[in-house]
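Colleague: I am new to reading protein models. Could you walk me through one, feature by feature?

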Amino acid sequence: ALSLLAAALGSASPALAQFFDDSPGAYWTLEKQRQDKLRAMRAPPIRQKPTRLISRAAPVRGFTLPAEAPPPAPAQEDENGVAKAAPDAAPTGEAAVAPAPVDAAAPAATAEKPNAKAVIAVLGDNLGQLLSLGLSEAYGDRPEIAVVRRTKENSGLVREDYYDWRKAARELIDKDKPDLAIIMVGSNDRQALRDGAASFETRSPRWKELYAARAKAIGELFRERKVPLIWVGLPIMNNDRLAADMLDFNEIYKQAAAETGAAYVDIWEAFADDRGRFSSYGPDVNGQMVRLRAGDGVHFTRAGSRKLAHFVESDIRRILEKTKPSLDPAAIALTTPGAAPSLDLPGLGSSTPEPSQQPAIKPAEKAAPVPPPPAIRPAAGPVVPLTAPPVSPGGKLATSARPAIAFGDKDAAALVQKSLVEGKSGDARPGRADDFAWPKN
């Protein structure tokens, strides 16, 4: 039997004969040779170089963030194991946030309007830049309002050696002389803060104390220069640890705004779902479900930036109505994309003529009678008893056999006085739902 089996294996393929070979690796050797032959027979893959698209030919997916800072240097660690960056480099490591999505259709900078009656300056980091782009889109057709973008990518309140926001705010007030300032910063501040030679971990007690002092110093600077300030909080993030830090940062901004007289805008719930969790999609300013957040879970899309600007609208309108009473309220309100402009200011392309061009009012028109003031509304209208039999124009309708209770004007006046004026309940009648008397038996 063994001789017959050996003869059969001798005539069989090497793939079957290898099971009876003395070498245990014979099968894998033959299999490797077979795979090498198949790989050699395959055609090499074709690698196509990326095509350079024409400007504005690609779909719009976000905003263009111009490169303002050199690429960050690799992070280093000190003797305590705390990440640090070179003095001339942007913040790196886990604290730094990736740049926002690129959009070739977005403007590189906000052009100042020469005939502007109100100048709004926007300060901040990457998120602040997206906020300024959303405001620029909202006020794009408003020559009376100019949005000046004074943001710095990868900046924050921690790394003053990279970018000093207190110094930048002082220069902004002296140079641009804004009527209103808006700041949104903090997404890059999840890193150690240095005070002299000492370094403090993120969200430690000393770190929070120094960080709050820097935020308060910025608010004090604007209050001393009598420039209204709006501090916009940070949105919810996709990463849980990052979101927890942003909540602590928002508490610091809110406290600093309250102590310096600045307005604080909370946008946390505006970009969360009905369960309070992060959601990339949500309703835009038109109520349509669109993508509001970028793929990194931090930045905003174009629709998200426009919605972000929408939530700052009420504070902008309230402040400009006080500081710029000559500005038409219709010019302050934001309009949704596609809506007709509601601006109607004299001398600026509106249909309303200027006071000097309006026709003179005749003396007879000046003495027009003033309408009398409206009469005082009574506490209640005519009282209709529910027990009265309904009567049609041609005769009586079917009624109950029980006679109706007489209800005169005095009874109606007493009921109104007792129920609506004094707030007391009416007298209960036997057999009615409000009769809670005990049975006699």
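Colleague: Let me start with a salt bridge. Which residue forms a salt bridge with glutamate 160, and how far apart are the closest N and O atoms?

Modeller: First, a caution: this is a predicted model. To call a salt bridge, look for a side-chain nitrogen of Lys or Arg within 4 Å of a carboxyl oxygen of Asp or Glu. Here glutamate 160 pairs with arginine 166, and the closest N and O atoms are 2.6 Å apart.

Colleague: Which other arginine forms a salt bridge with glutamate 160?

Modeller: Arginine 214, with the closest N and O atoms 3.7 Å apart. This pair links distant parts of the chain. Glutamate 160 sits in the loop between strand E4 (145–151) and H5, while arginine 214 is in helix H6, 54 residues apart. Arginine 214 has a relative accessible area of 12%, so it is buried.

Colleague: What about a pair inside one helix? Which residue forms a salt bridge with glutamate 220?

Modeller: Begin with the general idea. An α-helix has 3.6 residues a turn, so residues three or four places apart point the same way. Now the case. Glutamate 220 forms a salt bridge with arginine 223, and their closest N and O atoms are 2.6 Å apart. They are three residues apart in helix H6, so about one helical turn separates them. Glutamate 220 is partly exposed at 21%, and arginine 223 is partly exposed at 42%.

Colleague: How many salt bridges does a search of the whole structure find?

Modeller: The search finds 22. Some link up: Arg190, Arg203, Lys208, Asp245 and Asp248 are joined in a network of salt bridges.

Colleague: Now helix packing. How do helices H5 and H6 cross?

Modeller: Two packed helices are described by the angle between their axes and the distance between the axes. The axes of H5 (residues 165–176) and H6 (residues 205–224) come within 10 Å and cross at roughly 10°. So H5 is roughly parallel to H6.

Colleague: Which residues of H5 and H6 meet?

Modeller: From H5, Trp165, Arg166, Ala169, Arg170 and Ile173. From H6, Arg214, Ala217, Ile218, Leu221 and Phe222. Sort the residues of this contact by type, and you get seven nonpolar, no polar and three charged.

Colleague: Let me try a single residue. Where does phenylalanine 200 lie, and what does it touch?

Modeller: Phenylalanine 200 lies in strand E7 (residues 198–200). Leave out residues up to four places away in sequence, and phenylalanine 200 touches Ala192, Leu193, Asp195, Arg206, Trp207 and Leu210. Its C-alpha atom is 9.5 Å from that of leucine 210, 10 residues apart along the chain. Phenylalanine 200 is partly exposed, at 21%.

Colleague: And which residues of helix H8 are buried?

Modeller: In H8 (residues 302–310), they are Gly304, Ser305, Arg306, Lys307, Leu308 and Ala309. Next, find their neighbours. These buried residues pack against helices H4 and H9 and strands E5, E8 and E10.

Colleague: Last, the whole chain. How many helices and strands does the protein chain have?

Modeller: It has 12 helices and 13 strands. Of its 441 residues, 34% count as buried. The accessible surface of the chain comes to about 27700 Å², and 56% of that belongs to carbon and sulfur atoms.

Methods. Residues are numbered from 1 along each chain as its sequence is written. This is a predicted model: local features need pLDDT of at least 70, side-chain atom pairs count only at pLDDT 80 or more; totals for chains, interfaces and linings use all residues. Side-chain values use heavy atoms; hydrogens and water are left out. Buried means under 20% relative accessible area, exposed over 50%, partly exposed in between (1.4 Å probe, protein chains only). Helices (H or I, at least four residues) and strands (E, at least two) are DSSP runs, numbered from the N terminus. Contact means heavy atoms within 4.5 Å. Axes are lines fitted to C-alpha atoms, for helices over the stretch in contact, and angles run from 0 to 180 degrees between N-to-C directions. Angles under 35 degrees count as roughly parallel, over 145 as roughly antiparallel, 65 to 115 as roughly perpendicular and the rest as oblique. Ala, Val, Leu, Ile, Met, Phe, Trp, Tyr, Cys and Pro count as nonpolar, Asp, Glu, Lys and Arg as charged, and the others, Gly among them, as polar. Accessible areas come from the Shrake-Rupley method with a 1.4 Å probe; for residues, only the protein chains shown count as cover.
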